[in-house]
Amino acid sequence: MWRPNFTLSPADITDGPLLRALLVLSTPLLVQNFVQVVVQIVDLIFLGRLSGDAVAAVGLAAPAMALLFSLSIFIPYVGTQIRVSQRIGGDNLAGARQSFGAGIYIALGMGVLLGALAFVAARPLTSLLVSANPMSVDGTVPAMAVAYLGVIALGLPLIALGDTLEAGLVAWGDSRASLWMNLTAVVVNIVLDPLLIFGYGPIEGFGVAGAALATVIGYTTGMGLGLVFILRGRNGGMLSDQSFVFDVAELRSIFSVGLPTAVQQSANQIVRLIIVVVVFAVGGVAGIAAYVVGARVASVAFIPAQGLQQAAQSIVGQNLGAKNLTRAKQTTWLGVRLAAGGLGLIGLVQWLFPVALTTLFVPELSADSLALSVEYLRILAYGYPALGAIYLFQAGFNGASRTKVSMYASLIQYWGVRLPIAAVGGLVLTFGMDAVFWAVTLSNIAAAVGLGVYFYHSTSSGMFKRASASAAD
């Protein structure tokens, strides 16, 4: 019986059919990303049956939680994936193992430090958000948000470690192992969610905190499976004694490549945090519920582009390490076409069936929240092709270690376009929630155009040639 093989050798990535390499490497990542979104959806479905306040509490905690993940996960994940893939492409196996070990050190260190800080800061941060419109928030919502964020913070070191193990596997061309890790995480989460949220028999329900605990346990289990894969010698042995040598230069290399992406994601999340305040001030609980539903539904649409981005970063990195400049460029443009086209089709479905999508996730929404959610989903759909292009242009820059370009583009996208339109339009010009919704779509379109023009200019000016010269060092 035929069985698909989702493990690619370096030769497949640097010399084989490019479309096959992209699709084979990205397909497990697509499923993996879908699985990660399923975790969020499962939480939303169960919490929606607990109460509307529970959904609002997760929405209140979500931007702060995303900011936490941006700082603790993206530095080791992106830095590890890019440096390991470049060294694999340059046939520097010892260097790849060393980079992998350095990424693990950074993940654990930042997970412990930032998790502790987030646990302490959960209550004052939530109070700051609620102060924007205290009359619109039920008294139980802030307490539930604090509980949710606190549990996630305590599990952060293990979550960060698991993501870094995935980064190393994908950089090696092995997205199948990463897929199994995430499938394990979601199965555990689905089983534990109703037990820990509502309770059953002798098991006491913990409400919103139970949803967070189920997520942490699920991802920890997935991380454990990944560790078993690696310690059993997967991909010819990804770890060696050299991997655990504490090399400051190697740590600095991983950190310098990953830091711009962390700054990029953190700056984006700060804008989202501010926009949550705007949403509270303009739309109250109905507005924030719609914002959460729209974000969760839309996150499903991003899955193909995210999978392609992760695959393209590894393929671009390996080909630059192997001095295949034209192939690295072709990878990016092919990925842009695939991502923009795929998200365009998903956007069409979302535009046609917004009510069904909204009620599927949260059937107990009020009439006001439902109307706002439907409007948000339709407006978001217009910018989906642009969003797909953004992910893949960033993959081209990131694979060349030009993560600062992606960072600057996102700063302009979020701080220069999205936030001014949302804040000024919603609060000053009194366009209300429409201003927030259109701010997201217009900023996506502007970023896609800008990144596309600059990628064409940069590659024409020798960006990949310069990156290839230093990729395997």
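Colleague: Which residues of α13 are buried?

Modeller: A word first: this is a predicted model. Buried means under 20% relative accessible area. In α13, that group is S369, L372, S373, V374, Y376, L377, I379, L380 and A381.

Colleague: What should the 28 residues of α11 span?

Modeller: They should span 40 Å. The end C-alpha atoms of α11 are 42 Å apart, which agrees. Its buried residues include R327, T331, T332 and Q350, along with A328, L334, V336 and L343.

Colleague: How much confidence does the predictor give?

Modeller: Read pLDDT, which runs from 0 to 100. The protein averages 85, and 95% of the residues score at least 70. Among the elements, strand β2 (residues 203–204) has the lowest mean, 78. Helix α14 (residues 384–399) has the highest, 94.

Colleague: Now the aromatic rings. How many aromatic pairs are there?

Modeller: Ring centres must lie within 6.5 Å, and planes over 60 degrees apart count as edge-to-face. The count comes to 13 aromatic pairs. Take F46 and F198: their centres are 6.3 Å apart and their planes stand at 70°, so this pair is edge-to-face.

Colleague: Which parts does that pair tie together?

Modeller: F46 lies in helix α2 (residues 18–50) and F198 in helix α7 (residues 175–198), so the pair ties together parts 152 residues apart in sequence. F46 is partly exposed, at 22% relative accessibility. F198 is partly exposed too, at 39%.

Colleague: What about W333 and F455?

Modeller: Their ring centres are 5.7 Å apart, with planes at 70°, so this pair is edge-to-face as well. The pair links distant parts of the chain, 122 residues apart: W333 is in helix α11 and F455 in helix α16 (residues 433–460). W333 is partly exposed at 27%, whereas F455 is buried at 0%.

Colleague: Which rings have an arginine over the face?

Modeller: R234 lies over the face of F229, at 4.7 Å from the ring centre. R418 lies over the face of Y414, at 4.2 Å.

Colleague: Which residues touch the most other members of the largest nonpolar core?

Modeller: Think of a core as buried nonpolar residues joined through side-chain atoms. The largest one here has 113 residues. Y148, I275, I288, Y291, L392, V436 and F464 touch the most other members. Helix α9 (residues 248–301) gives the largest share, 17 residues. Leaving out residues up to four places away in sequence, I275 touches Y291, R418, L419, A422 and V436. Another core lies apart, of 17 residues, among them I88, F100, L161 and M223.

Conventions
Residues are numbered from 1 along each chain as its sequence is written. This is a predicted model: local features need pLDDT of at least 70, side-chain atom pairs count only at pLDDT 80 or more; totals for chains, interfaces and linings use all residues. Side-chain values use heavy atoms; hydrogens and water are left out. Rings of Phe, Tyr and Trp (its six-membered ring) pair if their centres lie within 6.5 Å; planes under 30 degrees apart count as stacked, over 60 as edge-to-face and the rest as tilted. Helices (H or I, at least four residues) and strands (E, at least two) are DSSP runs, numbered from the N terminus. Buried means under 20% relative accessible area, exposed over 50%, partly exposed in between (1.4 Å probe, protein chains only). A charge sits over a ring if NZ of Lys or CZ of Arg is within 6 Å of the ring centre and within 35 degrees of the ring normal. A nonpolar core is a set of buried Ala, Val, Leu, Ile, Met, Phe, Trp, Tyr and Cys residues joined through side-chain atoms within 4.5 Å. Contact means heavy atoms within 4.5 Å. The expected span of a helix is 1.5 Å times one less than its number of residues. pLDDT is the predictor's confidence in each residue, from 0 to 100.
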